[in-house]
Each structure stands twice: as C-alpha cells, then as structure tokens.
Amino acid sequence: MAATRRSSRLSAQPDARLRPPSQRNSPQLQNQTENSAQNTRKRKASTSKATPPVTPTRRPAKRIQPEPPYTPTPSTAVVIAAPAESTNRPTRAAVARLADPRATNAALLSPETSRVVASKDIGPGSPSKEPGATGITTENLLDVACAHLISVDERMRPLVERNHCRMFSPEGLAEKIDPFDSLASGIISQQVSGAAAKSIKARFVALFDTQDKTTTRFPHPSEVAAASVETLRTAGLSQRKAEYIKGLAEKFTNGDLSTEMLHEAPYEELVDKLIAVRGLGRWSVEMFACFGLKRMDVFSVGDLGVQRGMAAFVGRDVAKLKSKGGKWKYMSEKDMLEMSEKFAPYRSLFMWLMWRVEDSCTDVSTLE
C-alpha cells in the first residue's frame, strides 16, 4: 500500500518541464530537485558498496592413494615347494645328506622315472666332515644359516627366534620335489588366487588319472606333451597357460631340461636355461630356485614383499611411501643388493625372513 501511495504522489507531481516558466525556478521546486538528486546518489553509493556474491572455491578432490599391488609370493611358494604327491606308499626314513648353500639341496624326483637325484648321503658311521667338504649337512644347514644371519646383524635375532623356516629344516629338506610338477604348478598359479590354482591343478591331474588308485601323482612330461592344448584347457587353463605347460613338458621330454641339470648346474646357468622357457620369467625362476630346489643363496629384487619388508626392517615408514611413476618403490634395487650381499651365501633365508617383518603385507604363515 505504501508503495502504491508513493507512486500516486509522484505521478500527481507535474514534470518541471511542463510547469510555467514562472514556477520553474521556485525554491520549492529546487528543493525537490536537490532531494531527488541526493537520493539517486545514495542509491548509487549503496549499490557500489554492496559486496558482490562470492563463488566458493572448489577444493581439488583428494586423490586416494591406491594400495600397493599384491605380491603373490606366499601362495606361489606353497605351490612350488609342495612335495611330490604320493599316498599309501611306505616312505624311507630321512637320511642326512651333504649340503651346500650355493647348490641345490632338495631331493629331486625324475619326472618320468621317479628316480631320486640328491646330494651324497651320510650314513650313521660316516664322519660329519669329509676332505674338501664344508661340514654342512641337511641336518645342520638351517642352524648354520641362522647363526650367520645373526652374526652379520644382531637385529636378525628376534626374527630368527620367532620364525621357524621349515623349508630349510631337516624335515623340509627330506621331502622329494618333482621339478616338472613345481614349475608347471607355478605357471598354473600365476595371476589367480591360491584356491583357484588348487582347483585347476586338481582338474589338470585328473585329466591324466591312472587306474592305479594307490598313487596320486602329477602327470609325466611325456603325457602332457602328447596332449592337445584344447584338452589341457578343459582343466580351466587359459590358452596361454596351456601352451606354456605343454612347452615346458616338451623341454623335459626332449632333454633340454633334466633333473640332473637342475641339481648340478651353477646358479646363473640354471637361471638362463629356465628363463628361456615360455611362461617362466625371472621372478618365477628365482622362486623355483629358492622354494623348489632349496638353494640357500637366492635373492629377488623384483619381489614387492621383500622390498617392503627390507624397508620396514631398516626403520622406514612404509605406510607413507607412494607410487613413483606408477611403480612402487619402498627401496631401490641398489640398496636392496647392497644390504642383502652381506648375508650371502644364505640370502634365501634372509629373503624369507624379510617377508615376515610385516605379516600385514605378505602373510607367509602358510609356509611354516
């Protein structure tokens, strides 16, 4: 209503330009004009002083740091280190054998004949130290290795005392390993969970099931080499994995790979020979040399679990480390090699204990 009355008053006042000349310069008209100009100036001033609306600054979205990639070492190691499957057959009592930290200490089964290839047995009446030998046997290898690690770095003592490495213990070294089984199983377990690998392996073995139900064994290389890739894929293998395992079987069948070579070859020759096989990268070969062949001086700079454990062992806050250029670097390869070198020739045990530094990163309890 007030706005209506004000509008009526303003409309009722005649425009000064329409007034008679005698009234245009009257004091009353001048006051009205001055008041109107003052009001206009006030409105402009108040408008200029008004704070313009502020658009809130958008904060950049916080980038969530992805979790480091999963290292498959524990589940793969279990598969590789598994002894040759055999049931309802009497087993010979464990016999102490000579051991060498820089050589193969596992008792290997020939995939075709089941003949055992191993280092020399030490009978009950044999001297513990022969001329030229180190005096190390399968019975004391683990103790000697543990003592060496502690002598190099006293910080290793708690890890050694808390974690028993069955793999290099007398009972672990007494187990017989089928190298074809270990390598093929390692290929099966690539990029799948432990449960999936176990299921696929069971179906793979069932493809070659024998009539002799007293024995459960992994198929011979000659049997796998004779099978088609299509047949192998029915076990749940991918096309590529089926080709890899068939190619591996052919290597054993034609003599490119043999149990004797795997037992006797120097480490670098062994690695070069196995890397030449499709489906076996350096990491896979290193894990086989450590867990399958029970070589004591294997070290892998490419294993993320080892890298993280070593960084935590020397006191780095691994929770704050980030991916650099898409690659996780808890510790450089140079630092890893320099640190591990002093633990030679027992770096396999050192590597195994580094996985135990942080169980939250790589749970290796299944290796016990």
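User: In this predicted model, how many of the eleven residues of helix α18 (residues 347-357) are buried?

Analyst: Buried means under 20% relative accessible area. The buried residues of α18 include R347, L349, W352 and R356. Helix α18 is mostly covered, and the buried count is ten.

User: Are α15 and α18 roughly parallel or roughly perpendicular to each other?

Analyst: The axes of helix α15 (residues 282-292) and α18 come within 11 Å. They cross at roughly 100°. Angles of 65 to 115 degrees count as roughly perpendicular. The two helices are therefore roughly perpendicular.

User: Which helix supplies the largest share of the lining of the largest cavity?

Analyst: The largest cavity holds about 70 Å³ of space. Eleven residues line it, and I80, G186, I187, L280 and S284 lie nearest its centre. α4 (73-81), α8 (179-188) and α15 each supply at least two lining residues. The largest share is four residues, and it comes from α8.

User: Is D153 buried or exposed?

Analyst: D153 is found in the loop between α5 (141-152) and α6 (156-162). D153 touches F313, K342 and F343, not counting residues up to four places away in sequence. Its relative accessible area is 9%. The cut-off for buried is under 20%, so D153 is buried.

Note on methods:
Residues are numbered from 1 along each chain as its sequence is written. This is a predicted model: local features need pLDDT of at least 70, side-chain atom pairs count only at pLDDT 80 or more; totals for chains, interfaces and linings use all residues. Side-chain values use heavy atoms; hydrogens and water are left out. Buried means under 20% relative accessible area, exposed over 50%, partly exposed in between (1.4 Å probe, protein chains only). Contact means heavy atoms within 4.5 Å. Axes are lines fitted to C-alpha atoms, for helices over the stretch in contact, and angles run from 0 to 180 degrees between N-to-C directions. Angles under 35 degrees count as roughly parallel, over 145 as roughly antiparallel, 65 to 115 as roughly perpendicular and the rest as oblique. On a 1 Å grid over the protein atoms alone, a cavity is a set of points where a 1.4 Å probe fits but cannot get out, and a pocket is an open set with protein on both sides within 12 Å along at least five of seven lines; lining residues have an atom within 4 Å of a point. Grid points are joined across faces, edges and corners, and a volume is the space filled by probe spheres set on the points.
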